[in-house]
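Reader: I am new to this structure. Could you show me how to read it?

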Amino acid sequence: MSALTKLTLKGAVDGLAAKDFTSVELTRAHIDAIEGARGLNAYILETPDQALEMAAASDARRAKGEAGPLDGAPLGVKDLFCTKGVRTTACSKILENFVPAYESTVTSNLWRDGAVMLGKLNLDQFAMGSSNETSYFGPVTNPWRAKGSNKALTPGGSSGGSAAAVAADLCLGATATDTGGSIRQPAAFTGTVGIKPTYGRCSRWGVVAFASSLDQAGPIAKTVEDAALLLNSMSGHDEKDSTSLDIAVPDFTQFVGKSVKGLRIGVPKEYRVDGMPAEIQKLWDDGVAWLKEAGCEIVEISLPHTKYALPAYYIVAPAEASSNLARYDGMRYGLREEGANLAEIYENTRAAGFGDEVKRRILIGTYVLSAGYYDAYYLKALKVRRRIAEDFDNAWTKVDAILTPTAPSAAFGLGENSSDPIAMYLNDVFTVTTNLAGLPGLSLPAGLDANGLPLGLQIIGKPLDEGTVFSVAGAIEKAAGFTAKADKWW
Amino acid sequence: MAIDAATVRKVARLARIAEPEERIEALTQELNGIMTWIEQLAEVDTDGAEPLTSVVATGLPLRDDVVTMGGEPEVVTGNAPKSVSNFFVVPKVVE
């Protein structure tokens with residue numbers, strides 16, 4: 001049945017509709033694949049019994065002619081989304097035994113549309129990381145390896161489990177979240193497609209909070225069309241999240257395959273950073289050539305504040321994190337360590353429950369928000385954020401979408417960047433600007449480097465214009481003809 | 001605006017994270033490295049820039065001030081490390 005796991009989400013949904021196979025068969029095939037791939041550490045919790053129950057219910061619905069748009073399709077869920085009655089940890093020790101009594105809105109929407117949950121996927125602890133190495137449950141290993149090498153590579157982060165599971169055919173698609181690049185960088189490292197939609201498209205309700213003004217959910221999928229299909233279901237207004245946009249959700253799949261003739265595509269000169277590998281520059285040039293060929297007009301643009309995006313992010317995100325993570329006090333849920341008094345219980349609980357990177361960010365956030373520094377750091381960062389948003393506003397007077405590389409390198413070795421926090425932060429140099437400006441950004445695989453590792457291109461769109469992003473991505477996908485998969489070694 | 005060991009101790013205290021004394025030196029260096037890198041923001045001319053706090057240009061929605069959920073204390077306390085009769089058990093804070 002392994003052929004069933006090779007299907008795209010669209011292919012699987014069509015096959016189910018044509019009664020070529022049942023959801024139980026499709027789900028069983030994925031459960032078997034997951035069992036055979038435990039060495040990747042993509043899933044930190046498998047829910048096969050629940051998956052088969054959901055699959056059987058889907059088959060019953062389909063028999064009655066009541067199938068939804070994703071009915072019977074088995075998906076993976078990043079373990080940052082609360083799932084009712086199913087342990088949700090944010091890959092932390094402090095939530096190691098947390099079992100939510102409620103379901104996140106995004107996953108509720110997926111189940112409403114008939115999808116089947118296979119289990120919970122690994123991530124960097126509280127989504128803080130770019131290599132999955134900060135997970136309390138250990139890193140995920142990228143299914144991809146360099147040619148002729150056995151070295152374990154990172155799948156990227158924070159949505160490393162989601163990206164690896166999709167790349168290794170351990171689900172038809174997965175939920176993910178992106179605060180500074182956590183959907184797009186792992187997608188680029190694993191040869192998958194990931195989109196962070198406009199801030200407010202997807203409800204944040206029931207998603208463990210990291211930095212609330214930046215966090216946004218989105219899918220990781222095998223193809224651009226699959227990503228559109230998943231985003232259709234995940235998006236929508238939710239009165240439980242006051243930042244969720246009360247705006248109609250178009251059918252994103254209608255934009256995939258649409259002509260891009262006449263679209264103006266911006267190429268920002270500031271994204272040509274020092275030390276960028278020649279292969280990534282080449283891939284970017286290829287992307288430009290493909291879009292020209294498809295009838296786009298290429299326009300050189302300037303986003304002058306790009307280099308300040310990461311330092312601004314490392315004020316805003318830790319500040320919001322230090323505030324959000326204050327809730328973990330050992331009283332209402334999560335781990336509790338004992339101490340001589342209340343303050344000691346708090347301090348011991350948080351010292352034992354958070355990993356080093358999480359503590360580092362809480363300390364930075366606490367520092368930049370502390371008395372005397374608020375204006376110098378936090379307020380300054382919010383003003384820089386305004387400048388970055390203005391850069392994009394200016395760009396939109398000249399172009400309809402922007403094309404950039406997704407990440408400054410291909411997947412690197414596990415352990416290679418973990419001793420230097422700033423080197424790790426630089427992974428997000430091309431992705432973090434869209435979080436600060438709230439814009440949609442999509443990464444899709446467009447080629448392989450000399451070592452046979454996938455590289456991604458990013459398309460950035462205007463606010464709420466995911467449609468154009470999907471059209472441009474569809475055009476690049478078609479031109480690139482990227483069909484490579486990781487050779488199965490696991 | 002270098003961060004010294006005393007500042008790290010103070011911030012750890014504010015964040016309610018117990019940091020053992022032997023970690024303070026390493027943390028001081030790490031945080032200094034990150035804050036020094038962040039200092040480049042000073043180069044940006046932000047005169048007249050409104051702080052961007054929300055990227056969504058919509059007002060906060062209002063709703064009627066009514067109870068929408070509740071009445072399930074056993075669910076609310078279900079994940080508590082310590083609870084008795086649907087109450088959270090917390091350490092004594094008033095003598």
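Author: We will look at a helix pair, then at a chain contact. This is a predicted model, where local features need pLDDT of at least 70, side-chain atom pairs count only at pLDDT 80 or more, and totals for chains, interfaces and linings use all residues. Residues are numbered from 1 along each chain as its sequence is written, while chains are lettered from A and ligands numbered from 1 in the order in which they are written.

Reader: How do H10(A) and H13(A) cross?

Author: Two packed helices are described by the angle between their axes and the distance between them. Here, the axes of helix H10 (residues 309-324) of chain A and helix H13 (residues 374-395) of chain A come within 9 Å and cross at roughly 130°. Helices are DSSP runs (H or I, at least four residues) numbered from the N terminus. Axes are lines fitted to C-alpha atoms, for helices over the stretch in contact, and angles run from 0 to 180 degrees between N-to-C directions. H10(A) and H13(A) are therefore oblique to each other (under 35 degrees is roughly parallel, over 145 roughly antiparallel, 65 to 115 roughly perpendicular, the rest oblique).

Reader: Which residues of H10(A) meet H13(A)?

Author: Contact asks for C-beta atoms, placed from the backbone, within 7 Å. In H10(A), Ala309(A), Ala312(A), Ile315(A), Val316(A) and Ala319(A) meet residues of H13(A), including Tyr377(A) and Arg385(A).

Reader: How many residues does each chain give to the contact of chain A with chain B?

Author: Chain A gives 52 residues and chain B gives 39 residues. On the side of chain A that touches chain B, H13(A) gives the most, with 10 residues.

How values were computed:
Helices (H or I, at least four residues) and strands (E, at least two) are DSSP runs, numbered from the N terminus. Two residues are in contact if their C-beta atoms, placed from the backbone, lie within 7 Å.
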